[in-house]
Amino acid sequence: MSGELVFITLGQERVLCANRIWGISTLRSKQTLRHAQEAKQNNTYIDWSRNRPTRTLIYLDNGNIIGTYFAAKTIFKKIEIATGQSIGKQISETEKKDKDDKDDFDLAAECAEYLEQEAIDDSV
């Protein structure tokens, strides 16, 4: 993502600028559930679940959190397709080293790290 804005769709009439994503996490832990509750109390939570169970939180660079029914891997793939870069290949090489400890959160963390590095490269 070299300076240009990249958009992904998350359901009907919901478009997100992938450049603004800071992190992606599944709702598997008490900590992420707490993040969602705090965001709701602070009016920084955006509900894109369309009355379905929320599966994933998307953390934005401005502090807002989006709750969506899409799986973290689906969002990651949408970013990969939109950027035209095979980020998954970089992550799959890491997975070979440590297959047992990988889950959606680790995948999302690596995605966020990659996007952050791209943002740093773009600002230079």
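Predicted model: local features only at pLDDT ≥ 70, side-chain atom pairs only at ≥ 80, totals over all residues.
**Overall layout.** I went through the elements and found four helices and six strands. Starting at the N terminus, they run β-β-β-α-β-β-β-α-α-α. Of the 124 residues, 38% count as buried. I also checked contacts between residues at least 6 apart in sequence: 50% of them join residues at least 24 apart.

**The sheet.** Next I traced an open sheet of four strands, in the order β3-β5-β6-β4, and its pairing is mixed. The edges are β3 (21–26) and β4 (45–48), each of which pairs on one side only. On average, neighbouring strands here are turned by 20 degrees against each other, ignoring direction. I then zoomed in on β4 and β6 (residues 65–68), which pair in the parallel sense over four bridges. I46 has I66 in β6 as its bridge partner.

**Helices on the sheet.** Helix α1 (residues 30–41) lies across β3, β4, β5 (56–60) and β6, and I noted an angle of about 60 degrees to β5. Helix α2 (residues 72–83) lies across β3, β5 and β6, running at about 150 degrees to β3.

**N64.** I found this residue in the loop between β5 and β6. Its C-alpha atom is separated by 5.9 Å from that of Y45, which is 19 residues apart from N64 along the chain. Leaving aside residues up to four places away in sequence, N64 touches T44, I46, I58 and Y59.

**Aromatics.** I found two aromatic pairs in the structure. W22 and Y59 form an edge-to-face pair, 6.0 Å centre to centre with 75 degrees between the planes. That pair links distant parts of the chain, since W22 is in strand β3 and Y59 in strand β5, 37 residues apart. Are the two partners buried or exposed? W22 counts as exposed because its relative accessible area is 54%, over the 50% cut-off. Y59 counts as buried because its value is 12%, under the 20% limit.

The other entry is Y69 with F70, a stacked pair at 4.7 Å centre to centre and 20 degrees between the planes. Both Y69 and F70 are buried.

**Charges over rings.** R52 lies over the face of Y69, at 4.1 Å from the ring centre. K40 lies over the face of Y45, at 5.0 Å from the ring centre.

Terms used:
Residues numbered from 1 in each chain as written. Heavy atoms only, no water. Helix = DSSP H or I, 4+ residues; strand = E, 2+ residues; numbered from the N terminus. Buried < 20%, exposed > 50% of the residue type's maximum accessible area, 1.4 Å probe, protein only. Contact = heavy atoms within 4.5 Å. Pairing = 2+ DSSP bridges. Axes fitted to C-alpha atoms, helices over the stretch in contact; angles between N-to-C directions. Phe/Tyr/Trp six-rings, centres within 6.5 Å; stacked < 30°, edge-to-face > 60°. Lys NZ or Arg CZ within 6 Å of the ring centre and 35° of its normal.
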